[in-house]
Amino acid sequence: MARLYILLVSALLALSACAAPPPPQLGSDGKPLPRVYRIKAGETSEIQFRMLDSVNSLRQAAGQAPLTLDSALTAAAATHSRDMSVQNRPWHFGSDGSSPLDRVRRVGYSGHLVGETISETYETELQTLAAWMEEEGTRRVILDPDARKMGFSWLQEPGGKIWWTMILGG
């Protein structure tokens with residue numbers, strides 16, 4: 001009898017672990033609210049190389065040469081991500097009126113600027129890349145045949161919003 005009771009309790013515990021997750025919270029527009037993607041300290045290299053590998057896979061599929069990560073372009077991307085957060089708007093001009101070209105020159109990048117992609121989101125870097133690939137203008141920058149170098153950085157605010165910047169150079 002005790003054995004049957006233990007089996008029954010074990011089965012109930014196992015079944016309770018199979019409960020469906022709670023449904024996502026919906027916003028006023030009926031769409032699921034974004035879930036905050038938290039970037040932990042020490043994940044910088046992992047995220048940058050995951051993005052680089054993903055971009056290179058897309059470029060390879062399009063018949064384009066792979067990119068390498070460039071520290072100067074990454075510094076320019078980090079500066080712009082921080083500045084977009086300060087301005088609280090995603091756009092290509094700095095609070096001092098600087099353009100992407102100005103920013104890559106300031107960090108000493110010796111190549112030419114191919115383009116810049118930016119985003120204000122709560123999504124992961126790969127979700128952001130997927131969104132960039134859906135837009136003709138940003139897809140054109142990412143797949144540009146002249147691109148050889150990539151800078152990629154972000155700033156995550158305490159509330160979870162992430163300001164992503166990718167800069168490509170030739």
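From the N terminus on, the elements of the protein run α-α-β-α-α-β-α-α-β-β, which comes to six helices and four strands, where helices (H or I, at least four residues) and strands (E, at least two) are DSSP runs numbered from the N terminus. This is a predicted model, in which local features need pLDDT of at least 70 and side-chain atom pairs count only at pLDDT 80 or more, while totals for chains, interfaces and linings use all residues. Residues are numbered from 1 along each chain as its sequence is written, and side-chain values use heavy atoms, with hydrogens and water left out.

Of the 170 residues, 39% count as buried; buried means under 20% relative accessible area, exposed over 50%, and partly exposed in between (1.4 Å probe, protein chains only).

A search of the whole structure finds six salt bridges, each defined as a side-chain nitrogen of Lys or Arg within 4 Å of a carboxyl oxygen of Asp or Glu.

Glu46, Arg50 and Glu125 are linked in a network of salt bridges. Within it, Arg50 and Glu46 both lie in helix H2 (residues 44-61), four residues apart, about one turn of the helix. Arg50 is partly exposed, with a relative accessible area of 27%, and Glu46 is likewise partly exposed at 46%, whereas Glu125 counts as buried at 2%.
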